[in-house]
Amino acid sequence: MRAFDPIAGVSVPTSICNLKDLQSLQRIEATRDLAENLKQLKLLKTLHLSKVQQCFMPELCASVAMLPYLTNLAISAINNDEVLNLNFLDPLPDLEMLHIRGRMEMKILPRVFDSFHKLRRLHLYWSGLKEDPLCHLAHMSNLVFLCLIKTYDGELLTFRKVYFPNIRDLILMDMAQLVAIEIEDGTMINLEYLQLTGLQGLKCVPEGLYFLGELQRVVLQDMPEAFVEKLRGEESRFIQHVPHVIYRD
């Protein structure tokens with residue numbers, strides 16, 4: 001299991017918010033003063049903050065709500081115990097990329113996720129969700145990239161018919177309790193890349209891999225020996241249509 005390493009950022013003075021024409025702030029260490037003053041950057045399109053703390057999430061969310069051109073948002077918690085309460089966040093209907101690294105309040109996805117209809121790329125790390133998140137993400141029909149790392153503490157993920165019609169890349173990593181992945185015929189019809197890493201509870205190969213007709217590359221890393229043996233042997237028929245299958249230790 002990979003450790004939660006805080007993302008290194010650059011410490012900047014709050015006065016950076018006086019640069020009214022600024023359109024991108026990336027790898028910036030968050031503070032309460034900075035979070036409160038970000039609302040002055042009305043032209044900001046990209047915002048990536050590291051070492052975020054729950055104690056100033058209300059100020060941060062209030063500022064984000066006042067950035068009308070924001071399309072790219074990344075928030076990384078200061079450590080793996082910090083809870084990021086996104087219930088303070090107003091709907092962001094124009095957001096195209098969202099990267100959240102930290103535990104979710106009450107271990108559930110906040111209601112604001114219902115507003116992310118234009119989202120194209122979604123990264124959820126260390127969320128600790130107790131319910132299958134896919135049913136709450138399925139309305140994101142524009143998604144082309146989905147990465148779930150230590151996102152879900154449950155045993156079953158289900159990709160139902162018509163989920164994620166435009167997704168091209170899917171990464172599932174380090175969900176230790178996961179024992180099964182169900183893939184229905186008609187889901188992820190354009191998926192080209194699938195990566196399964198560190199799913200130590202996954203012993204059975206998802207039969208539904210057979211339905212992913214556009215799949216070009218499958219990467220398997222740090223997977224259970226029983227899973228790898230089945231995929232290389234008796235259950236290889238589920239991926240016989242895939243040109244590139246890569247096994248990594």
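Predicted model: local features only at pLDDT ≥ 70, side-chain atom pairs only at ≥ 80, totals over all residues.

Residues are numbered from 1 along each chain as its sequence is written, and side-chain values use heavy atoms, with hydrogens and water left out.

**Annotated span**
- An unreviewed UniProt entry lists residues 10-218 as "domain: Disease resistance R13L4/SHOC-2-like LRR", and such annotations may be inferred rather than shown by experiment.
- The end C-alpha atoms of residues 10-218 lie 36 Å apart, and the span is 9% helix and 28% strand, where helices (H or I, at least four residues) and strands (E, at least two) are DSSP runs numbered from the N terminus.

**Nonpolar core**
- The largest nonpolar core has 89 residues, of which Phe 113, Leu 122, Leu 146, Phe 164 and Leu 172 touch the most other members; a nonpolar core is a set of buried (under 20% relative accessible area, 1.4 Å probe, protein chains only) Ala, Val, Leu, Ile, Met, Phe, Trp, Tyr and Cys residues joined through side-chain atoms within 4.5 Å.
- Strand E8 (residues 145-149) gives this core its largest share, five residues.
- Leaving aside neighbours within four places in sequence, Leu 172 is in contact (heavy atoms within 4.5 Å) with residues including Leu 148, Phe 159, Ile 181 and Leu 196.

**Cavity and pocket**
- On a 1 Å grid over the protein atoms alone, a cavity is a set of points where a 1.4 Å probe fits but cannot get out, and a pocket is an open set with protein on both sides within 12 Å along at least five of seven lines; lining residues have an atom within 4 Å of a point.
- The whole structure has one cavity of 30 Å³ or more, and the largest cavity holds about 50 Å³ of space.
- Leu 172 also lines the largest cavity, as do Phe 159, Ile 181 and Leu 196, among others.
- The largest pocket holds about 190 Å³ of space, and its lining includes Arg 27, His 48, Ser 76 and Arg 101.

**Backbone**
- Most residues other than glycine have a negative phi.
- Arg 27, in strand E1 (residues 24-29), has a positive phi near 55°, and Arg 27 counts as exposed (over 50%) because its relative accessibility is 51%.
- Met 106 has a positive phi near 60°, and Met 106 lies in the loop between strand E6 (103-104) and strand E7 (121-125).

How values were computed:
Points joined across faces, edges and corners; volume = space filled by probe spheres on them.
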